[in-house]
Number of protein chains: 2
Amino acid sequence: MPQNHSIAPAKSGCLRCTLREHCIPQGIAYDELAKFDGLAVTHRKIRRDECLFKAGDKCDTLYVVRLGSFKTTVSTQTGAEQVLGFFMAGDTLGLDGIAGETHAVNAVALEDTEVCVIPYANVLALETQEPEYLRHVQRLLSREVVREHGVALVLGSLAAEERIAAFLLNLSQRFEARGYSKSEFVLRMTRATIGSYLGLKLETVSRVFSRFAADGIITVNQKHIQILDFAALRAIVSGKKRPSP
Amino acid sequence: MPQNHSIAPAKSGCLRCTLREHCIPQGIAYDELAKFDGLAVTHRKIRRDECLFKAGDKCDTLYVVRLGSFKTTVSTQTGAEQVLGFFMAGDTLGLDGIAGETHAVNAVALEDTEVCVIPYANVLALETQEPEYLRHVQRLLSREVVREHGVALVLGSLAAEERIAAFLLNLSQRFEARGYSKSEFVLRMTRATIGSYLGLKLETVSRVFSRFAADGIITVNQKHIQILDFAALRAIVSGKKRPSP
DNA sequence: CGTTTCGTTGAAGAGTGTCAAGGCCAGTGG
DNA sequence: CCACTGGCCTTGACACTCTTCAACGAAACG
């Protein structure tokens, strides 16, 4: 997977960016916003299956997804790949390598994407000037920690159907937060990728999708998913055995 | 589990603390150290099975373990408990709730313990004064993210024996880093707690310990563990099938 | 339109979980 | 000092979920 280097100067600053609320602390007065305008120096386009960064790369920048979505992965000693998370518009990538160390994961585009490039030096500088921004970045970091707690919880204590139900509800919620339909969406990743993320084999993912569809909880057309019964999904996550007559 | 409130004023400041290198950035000149001396305002003793903090508690402090060890846990909707991590001397607790939000996990003492209490206000203040400290805290946070990557990797892609081997090697390494024997130590947690952390049942943990012992890789006496064959453990983590004639 | 990747489904098998019984150990009270 | 108690650990037999292996179908791509 070659790294893509198409870089575009950031024509429009943060001031006019629609994702502003994700990158910049809440409740900032409009005339204060100018301070944040120079944070992102460039944009970068990454095509499907290409890497934004790789484990071991020097980490001197953060990225915010502007368009499209990514997965983060690590490779095991045996060469297998474990998916650790999915990142969509507004999400921040690169937090794991903050503070001048190297990246711990690979970030791979699931589709054609565009990101904001925020040099870590700019982050540091603005943090020391603007305490609100310092809190903001640390909040981002601690949210990432909490997100991973959720992953560990799913992997450590849920059965296959429960994991998939939790996964679908999580996706639904994130689509909704971005203004898309919460009940109908297109998966950006393959069954194998979902399986790796959830600690399951791709066949198991496929089977559970089929079972949910047979029970009228969702409809599945390849990557196109429609959620018909949110309550049922929530019940499954809670560990309630489903009747299957 | 009642919360224990025995608080002692921090008699000796950070200057004389033997854990200094964990709390304060590396490479600080001795005459600069005074700036950090007031970080921890108190110590607190927590007895076995008591909580340092609970999920939902307001988070306005960080803690550094001085003595003993903790587990962090979350509760599922069904009341079950998932263990997320173990923390020993020098480790920082409370990072998940930084930035004025609430704690996302419970921190429970595995034995009688003592922690340094570091008000988050002090952290913020020192961060704005001392850029080196800012980087230090963000490094702590990003290390916590990376640690959780490791947990997800173990839970998502390793079999039972591989998980236990990885767990033992991780413990061994952490004991060694603290000046204890890397080959002989006492587990502070029960089989059930290990199982929860590794996504296994306590019987499976017990069986794998027994199998490793039968193969001469370790010896097990209740909580007392001795590692006899590090290479074998590493081979198991790497997924190599062990001959069992 | 062939080729490749991705997805679905079935049958068989391995690996963990579940249930149950018993042993070991530390602490407690007689 | 001993018996009792309760928590923790070990071990066995069995059930079940998930994986593995395999074949096939569908969509995506050059």
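**Notes on a two-chain predicted model**

1. Let's start with a helix. The buried residues of α2(B) pack against α3 (131–157) of chain A, and also against β4 (61–67), β9 (113–119) and α3 of chain B. Those buried residues are Tyr120(B), Val123(B), Leu124(B), Leu126(B) and Glu127(B). "Buried" here means under 20% relative accessible area, with exposed being over 50% and partly exposed in between (1.4 Å probe, protein chains only). Helices (H or I, at least four residues) and strands (E, at least two) are DSSP runs, numbered from the N terminus.

2. Some housekeeping before going on. This is a predicted model, in which local features need pLDDT of at least 70 and side-chain atom pairs count only at pLDDT 80 or more, while totals for chains, interfaces and linings use all residues. Residues are numbered from 1 along each chain as its sequence is written, chains are lettered from A and ligands numbered from 1 in the order in which they are written, and side-chain values use heavy atoms, leaving out hydrogens and water.

3. How confident is the predictor about chain A? The score to look at is pLDDT, the predictor's confidence in each residue, from 0 to 100. Chain A has a mean pLDDT of 89, and 92% of its residues reach 70 or more. Over residues 1–5 of chain A, though, the pLDDT is below 50, and this stretch has 18 contacts in the model beyond near neighbours in sequence. A contact means heavy atoms within 4.5 Å.

4. Now the two chains as a pair.

5. You can see the pairing in helix α2 (residues 120–129) of chain A, where Tyr120(A), Val123(A), Leu124(A), Leu126(A) and Glu127(A) are buried. The buried residues of α2(A) pack against β4 (61–67), β9 (113–119) and α3 of chain A, together with α3 of chain B.

6. Chain B and chain A bury about 3,600 Å² between them, 64% of it on carbon and sulfur atoms. Buried area is the accessible area (1.4 Å probe) that two parts lose on being put together, summed over both. In chain B, Arg135(B), Gln138(B) and His149(B) lose the most area to chain A, together 16% of what that side buries. The contact takes 41 residues from chain B and 41 residues from chain A.

7. Next, charges across the interface. The count between chain B and chain A is 2 salt bridges, a salt bridge being a side-chain nitrogen of Lys or Arg within 4 Å of a carboxyl oxygen of Asp or Glu. Glu101(B) forms a salt bridge with Arg139(A), with the closest N and O atoms 2.9 Å apart. Which element gives the most to the side of chain B that touches chain A? That is α3(B), with 20 residues.

8. The side chains of Glu114(B) and Lys45(B) meet in a salt bridge (3.3 Å, N to O). Glu114(B) lies in strand β9 and Lys45(B) in strand β2 (residues 42–46) of chain B, so the pair ties together parts that are 69 residues apart in sequence. Glu114(B) is buried, with a relative accessible area of 13%, whereas Lys45(B) counts as partly exposed at 46%. Arg66(B) also forms a salt bridge with Glu114(B), the closest N and O atoms being 3.6 Å apart. In chain A, Lys45(A), Arg66(A) and Glu114(A) are linked in a network of salt bridges.

9. Glu144(A) forms a salt bridge with Arg147(A), the closest N and O atoms being 3.2 Å apart. The two residues are 3 apart in helix α3 of chain A, so about one helical turn separates them. Glu144(A) is buried, at 11% relative accessible area, and Arg147(A) is partly exposed, at 23%.
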